Amino acid sequence: MSHRTAANRYPKPRLLAAALATCLLAAAPAAFAQGTAATVRGQVTNAAGPAGAAEVVATNTATGLVRRVLTNPNGTYSLAGLPPGTWRVDVAADGTTTSKTIVLQVGQVATLDLAVEGSAPVDTATMDTVTVTAQAVTETKTSEISTYITQKQIEAIPQINRNFLAFADTVPGVIFSQNGDGTTKLRSGGQNSNGVNVFIDGVGQKNYVLKGGITGQDGSRGNPFPQSAIGEYKVITQNYKAEFDQISSAAIVALTKSGTNEFHGDAFFDYTDEDWRAIRPSERASASGDKVPTQDKQYGASLGGPIIKDTLFFFASYEYKEIITPAEITPGENFPVGLLPAYLQDAVGATSTPFEEDLYFAKLTWTPDENNIIELTGKHRVEDDIQGNTGVNTNSFGSTKHQEETRGDLRWQWISGNWLNDAHLTFEDSTYEPKPLTTDGYGIHLLDYTNDGNGRSVLNYGAGENYQIKGQKGWALQDDLTFSGLEWAGGHVFKAGFKYKEIDINAFEQQPYSPQFYYDAYGDLDTPTRVEFGVPVPGTNPFVKTTSKQFGFYVQDDWEVTAKLTLNLGIRWDYEKVPSYLDYQPRPELAAALRNWANLNNADYDIEDYIGNGSNRKAFKDAWQPRVGFSYDLFEDQRHVIFGGAGRSYDRNLFDYLALERSKGSFPRYRFNFDTPGHACDTTQPTCLEWDPAYYNPANLAPLVAANPNLGGEINLMNNDLKTPYSDQFSLGMRNTVTMGGIDWNTSATLSYVESKDGIYFALGNRWPSGSFRENPAWTWGGQPWGQPIPGFGTLIIADNGIETRTKSALFSLEKPYSEDSGWGVTFAYTYTHARENRLNAALNDEHYIFDYPNPDGQGFLRSLGIPRHRLVITGIVDGPWGVMYSAKATFASPVPKEAVNCYDAANFNSCFFDPYTPSGSFGTKQIDLSATKYWDLGEGIAIRLRADALNVLNTYNWNDYDTWRGGPGDANANFGSRNGNGITTPTRTFKLSVGISF
């Protein structure tokens, strides 16, 4: 007999309860970062109906942690703040006890109804000696679009890089990509990687300075966190609750491992090299036809256990990664290698790029009693990378990049009955320092001037250009208060939270660090055609540093209106103060030059909107961000649930962009042309000189600009009313649990729409004397006023909000979770995406410069680059005979659009337009990976394993380079759409061997 009805589960509203709810919302302090803890909700019944005042006790089987609560008069209960893991839930009523053991996942809100009907009493004192089969609880009654990545999937699914984020690739709507140079990025919702945030143990890892979404992921081959320290994680692509901040696309909510009452340890070693992979197309096409030496070596260890049983635990892990990635140095513009000087011929061909990383993590967990948990965690990451020595850049022209990151988190969780408080005091220190491999002398650039008066790159050699020091360092306090004891028109779980953060952020760059000399590759290689160099402007500071102060709060109510309907209602607000942006004032001579610039009299923008005076700019006060969602359980059995939601979420403006206003004006890049045969210039002009070998000495270049250090220097200005990028998200879907052949399958189908707005773009601020952006206002392409600089200065670049994306998606998933009883599991994730953007390459590579039009309106919305229309990812795990576990991953995607300019369908070259090209064929990506792991049990809890991974077993070439030139007006390019290079987006067939031991 079921007593679970809306009538007896929820009492009628009372004025007193309503007043209490109002007071709680007004008085509750706030917090974030409780996203990792799990919650169990449900109703306790006995033979007479709802069992009020019954004690529900949850005991963690690994640590002995106990949480308890009394049921409400209608039998409902809520246990919040439970660390994910295996829990034994006991309920006592009327002298009898019912017990059930369940597995809770990260951030899960599980429904567990318990019936007390004459069960025998349970002796909890003997639970350590009882073997329990735990049941995984499926979360269906949530409005989130989310997927769990379990420890079993992390252990089993084939991979080569040990980046735990790679498994998010198995989630509908998410793409984890690895470029040919080994760098990785995570994207979702038709947006670039900047919109992602990763919350580890409830603390966001946001990068406030650079791209990549989180610290350390801007162009990195490294891993953001030791995979051996990750217990499991949850991927939320939409409808995340109000507690999640600094995000506009996907949220990764990860839980680290902790020590338990038993000692557990693990060690591993992974290896592969060039002998274990198939030859790459670029290697086969090289002069030698040989493979380039490569290597991927990873090893590490972890250990956890008790210091004081049931009270104090520890966990620690270390991972090392060493990569040698192949690269190919090839002259551009199809320049014949034989025409190069001998010393440059030796610099061309196959090469490699080494990388090293060390990852450390440690954690202490103290549970002095049932009401308190105190955790102290620390992470340290160091990586060194050689990069940039590929394509037209020779080894000497490459750069070395050092990254280092330290994070700490002191967490205190307090619980008493229906109250839960979760507080974090955090510290972070992250640095990013790319520097030229060669700093002495000067750089040499060979250019092909055949079809471009400015020259196109053939080969770069000598001293490099890229010198940067950027990072963030500071502390934060965040706190979250949850109350789950209110019953008014249903059950409520109230949360309110705040976060305050002070972060020192800095950005320093000198580009070019060394003088760069340019030569005509088909001309005189002893006489340069021009030189470009940088010199600090007197009285300015190129090192931009400021203290960002961030504050945010939210209120949230998870309201179980009836046994069928649950509403998730939340709202948040964020604030950020960046003094370097707010206080910026251009130098008086620059402000005067801008205001007196006649070219702007009839321009399409007002220069006053970009001239700060120290008080006409406002802090980034993000508007209110409502987030609402619902779930409706059709038959009250959690097997057929309709869900949906709508919400707004703000990200952050990258400081790397904001700092350009100060740094560009402090270290300008100067250009001087030399009057040489075939490249004549007017020596009466201040930027045209007769060539003199003395200019190879940097000391002789600085005097060229000493008299007027501003002349020729690029100026960047930000709009005085910059806004924060955000996304609006809408979704509607249905989850079903269907039984086929006695097996339960979880399915989900969702329709989604995401619209992101206010992305920053940088555009050309120069105008012709008429005020027009083009030399002929009737033109729609070309004729930009590059030769019309600010009088006495250089080119003007203005920054404003305006980049937008619009993404319609259909998301489908089918899953049979792995269990030890069945010995197998499988997942299917299909995504249909129709994505458009008003700045090509914005979603793929965060392209934010717009020079072909005065603003994004000129381009209009076109299909987003790099996002496939169709994508299917399948994974499977099965326990085979003789102690061997097999797993597989298959990825299929349709071809992705490439950037292309269409002049063929234009009347003339001044009416060309962007027209993305999508290669033909059924697949743009097809990759099948396999893995097999053999375990040997040595007894005494010790096991060794041998694992073999085979990536891209079919050795499919997923091509990347195509000829996207459609041709001139009426003159079709016969090679349009054909491959014009040997670049591929996935590895060739690669085998990797791993050995490990655990106890």
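Predicted model: local features only at pLDDT ≥ 70, side-chain atom pairs only at ≥ 80, totals over all residues.
## Ground rules

Residues are numbered from 1 along each chain as its sequence is written. Local features need pLDDT of at least 70, side-chain atom pairs count only at pLDDT 80 or more, totals for chains, interfaces and linings use all residues, and side-chain values use heavy atoms, leaving out hydrogens and water.

## Rings and charges

Let's start with the rings. Rings of Phe, Tyr and Trp (its six-membered ring) pair if their centres lie within 6.5 Å, and the count here comes to 50 aromatic pairs. Such pairs join Y442, F517, F674, W691, Y695 and Y696 into a cluster.

Charges can sit over rings too: NZ of Lys or CZ of Arg must be within 6 Å of the ring centre and within 35 degrees of the ring normal. R735 lies over the face of F643, 3.8 Å from the ring centre, and the charged end of R806 is over the ring of F861, 3.7 Å from its centre.

Strands are DSSP runs (E, at least two residues), numbered from the N terminus, and two of them pair if DSSP finds at least two bridges between them.

Strand 25 (residues 443-448) pairs with strand 26 in the antiparallel sense over 6 bridges. D448 has R456 in strand 26 as its bridge partner.

## A loop residue

Where is N980 found? N980 is in the loop between strand 51 (971-972) and strand 52 (990-998). The side chain of N980 reaches the backbone nitrogen of Y962 at 3.2 Å.

Terms used. Phe/Tyr/Trp six-rings, centres within 6.5 Å; stacked < 30°, edge-to-face > 60°. Helix = DSSP H or I, 4+ residues; strand = E, 2+ residues; numbered from the N terminus. Polar contact = N/O pair within 3.5 Å; in protein donor to acceptor, adjacent residues only side chain to side chain.
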